[in-house]
Amino acid sequence: MKQLQQISLRAMEPEDLDLLYRIENDDTMWGMSLTNVPYSRFVLHEFMSGTTGDIYTDKQVRLIVEDDRHQSIGLADIMKFDPKNQKAEIGLIICKPYRCQGYAKAVLERLHQYAHVTLHLHQLYAVVAVDNTPSLSLFQSMGYRQAGHLSDWLFDGSTYHDAIVMQRLL
């Protein structure tokens with residue numbers, strides 16, 4: 001079995017604004033996310049300033065993914081945090097130069113541990129575009145099962161796309 005990449009997850013810092021700006025404004029990613037408009041640095045700065053860092057207050061947390069050299073290589077989100085029902089949605093983006101190298105698996109492993117041990121969650125889920133084969137394969141390889149099919153769920157600005165709900169019990 002291939003060893004997982006060494007990564008760390010950390011809170012966002014003001015100096016992460018440029019990374020966030022690049023990722024959020026990459027229009028090739030819009031079909032896989034809930035956005036289809038660019039964000040200004042001001043809007044992203046306000047988002048960063050407006051978070052408390054407390055998942056119980058914000059119902060979400062955005063983490064920066066770093067490799068073993070402390071290079072920022074992506075983002076990991078826990079959102080729609082529901083402590084009563086012990087579940088949350090997750091999302092992750094690994095920057096293009098670092099994809100297909102095992103980083104996403106390492107991030108998911110770390111998120112599973114944090115969600116289970118620290119947040120005491122029972123399950124995690126992700127909404128993935130039906131044509132996003134790499135992400136669907138990733139989640140399946142990490143023990144997620146298809147829990148639902150959502151018709152016309154994602155809109156890329158011109159076309160609606162179906163999505164799959166992938167779920168994992170912790």
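Predicted model: local features only at pLDDT ≥ 70, side-chain atom pairs only at ≥ 80, totals over all residues.

Reader: Which elements does the loop holding Lys59 lie between?

Author: Lys59 is not a glycine, yet its phi is positive, at about 65°. The loop it sits in runs between helix H3 (55-58) and S2.

Reader: Moving into that strand, how many residues of S2 are buried?

Author: Let's take the two faces in turn. On one side are Val61, Leu63, Val65 and Asp67, and on the other are Arg62, Ile64 and Glu66; all of these are buried. For strand S2 (residues 61-67), the count of buried residues is therefore seven of seven.

Reader: Which residue in S2 stands opposite Leu9?

Author: Strand S1 (residues 7-11) pairs with S2 in the antiparallel sense, over five bridges. Within S2, the residue opposite Leu9 is Val65.

Reader: And which residue in S3 stands opposite Val61?

Author: S2 is also joined to strand S3 (residues 72-82), by six bridges, and these two run antiparallel. Opposite Val61, the residue in S3 is Ile78.

Reader: What is the phi of His70, in the turn of the hairpin?

Author: The hairpin is formed by S2 and S3, with four residues between them. His70 lies in that turn, and its phi is positive, at about 65°.

Reader: Where is Lys80, the non-glycine residue with a positive phi near 50°?

Author: Lys80 is a residue other than glycine, and its phi is positive, near 50°. Its place is in strand S3.

Reader: Now for the rings. Why does the Phe139 and Tyr144 pair count as edge-to-face?

Author: There are four aromatic pairs by the rule that ring centres lie within 6.5 Å. Phe139 and Tyr144 form one of them, at 4.9 Å centre to centre. Phe139 counts as buried at 5% relative accessibility, and Tyr144 counts as buried at 3%. The pair is edge-to-face because planes over 60 degrees apart count that way, and here the angle is 75°.

Reader: What kind of aromatic pair do Phe155 and Tyr160 form?

Author: Their centres are 4.5 Å apart, with 40° between the planes. Phe155 is partly exposed, at a relative accessible area of 35%. An angle under 30 degrees would be stacked and one over 60 edge-to-face, so this pair is tilted.

Conventions:
Residues numbered from 1 in each chain as written. Heavy atoms only, no water. Buried < 20%, exposed > 50% of the residue type's maximum accessible area, 1.4 Å probe, protein only. Pairing = 2+ DSSP bridges. Phe/Tyr/Trp six-rings, centres within 6.5 Å; stacked < 30°, edge-to-face > 60°.
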